[in-house]
Amino acid sequence: MKPDEMTESLQKIADEQQALILSFVAPDRSVRISPVGAMSASIDIDDLYEIEKVIEDLDDEGRLPKKLHLVIQTPGGLVHVSTKIANYLRRTFKEIHAFVPYEASSGGTVLCLAADRITMGKLANLTPIDPQRPYDDTWVSTASYQRAVNNFEEKFGKKRPAEIPPPYQQMCARLDPVTLTEMNKSWQDTADVAINLLERSYKPTNKEDRAKIMRTALTLTFTPNPHGHMIDSEEAESIGLRIDQSKKSEILLKSYKKWVKSMLGEEKITHVINHFIPQNDTQKSTTSAAEPAEKAQLPKASKPTTDAKVKKEGK
């Protein structure tokens, strides 16, 4: 699809749906920042500022719709920034529909929790949202420390110290209550965020619905799976997320997938945040709050590079 045809198609969707269509797309091309270093896009504070600018500008002009179509393609990033963006969007829009053609990992999954429903492609995935913290020169899930304590209690909780095999005694000696407390505070805070977002998005009306939301949040935050575990649409639905695979949503996803591919080749270390809004035939479509519509162009997609990526906290 040519850029002009894509623009026309997306503008038609915005007009028909009476929705703001907002992209949140991490290019898959690394950007060289030094002779030996490269960075690639992950959720960072600059993304929050750009989203805020787009929405506040439209609101000031009196053109901000009540409905949002959020098109997400991201490997994740800083947990606290993802949380701020999700809460900001949930407070701003009456209805949010998230579309995930390929990937909404970690912080991207947090953004999906702000949506009333999620449409995922056949190749799409979410991931657990358990925050990661440095531990012994590596990064681990904050829930892993508590799981280790639980395992030791299950195996040796009723044994005397002398009955515990020496290797396990040494491992037990390394368990630090302060570290455990800090790890637990981190994952519990993330679980609270998930519960809060899901309650505001799904609007439970009884104890059973609230209990279901609790189970969903705990499944995502206190999981035996690794941080990179890929949750497809079937698993996402099985753990309690509202997955919309209706024919109408699949048609929209097909258009949004082409849009995402057109942005993957941009050389940026921040997400590509473009948008379309409903408007009259006499008005031109707006594709970016950062540049005039008449100058905005949809970049061609390109293959990902193999440059090293910089790992960030919570990614």
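**Notebook: sheet and helix packing**

I began with strand 1 (residues 19-25), which pairs with strand 11 in the antiparallel sense over two bridges. I count two strands as paired if DSSP finds at least two bridges between them. Strands (E, at least two residues) and helices (H or I, at least four) are DSSP runs, numbered from the N terminus.

Before going on, I noted that this is a predicted model, where local features need pLDDT of at least 70, side-chain atom pairs count only at pLDDT 80 or more, and totals for chains, interfaces and linings use all residues. Residues are numbered from 1 along each chain as its sequence is written, and side-chain values use heavy atoms, with hydrogens and water left out.

The whole sheet is open, with five strands in the order 7-5-4-1-11 and mixed pairing. Strand 7 (117-120) and strand 11 (275-276) are at its edges with a single partner strand each, so one side of each has no neighbour in the sheet.

**Helices on the sheet**

Next I checked what covers these strands. Helix 1 (residues 3-17) lies across strand 1, strand 4 (67-73) and strand 11, at about 130 degrees to strand 1. Helix 2 (residues 45-60) also packs on the sheet, touching strand 1 and strand 11, and its direction makes about 165 degrees with that of strand 1. For contact I use heavy atoms within 4.5 Å. Axes are lines fitted to C-alpha atoms, for helices over the stretch in contact, and angles run from 0 to 180 degrees between N-to-C directions.

**Helix 3 and helix 7**

I found helix 3 (residues 79-92) packing against helix 7 (residues 177-202) at about 15 degrees, with axes 11 Å apart. The two are therefore roughly parallel; angles under 35 degrees count as roughly parallel, over 145 as roughly antiparallel, 65 to 115 as roughly perpendicular and the rest as oblique. Their contact includes Val79 and Ala86 of helix 3 and Val193 and Leu197 of helix 7.

I also checked the length of helix 7: at 1.5 Å a residue its 26 residues should span 38 Å, and its end C-alpha atoms are 36 Å apart, which agrees. The expected span is 1.5 Å times one less than the number of residues. Lys203 follows helix 7, with a positive phi near 50 degrees.

**Helix 5 and helix 6**

Last, I looked at helix 5 (residues 142-156) and helix 6 (residues 166-174), whose axes come within 11 Å and cross at roughly 140 degrees. This pair is therefore oblique.
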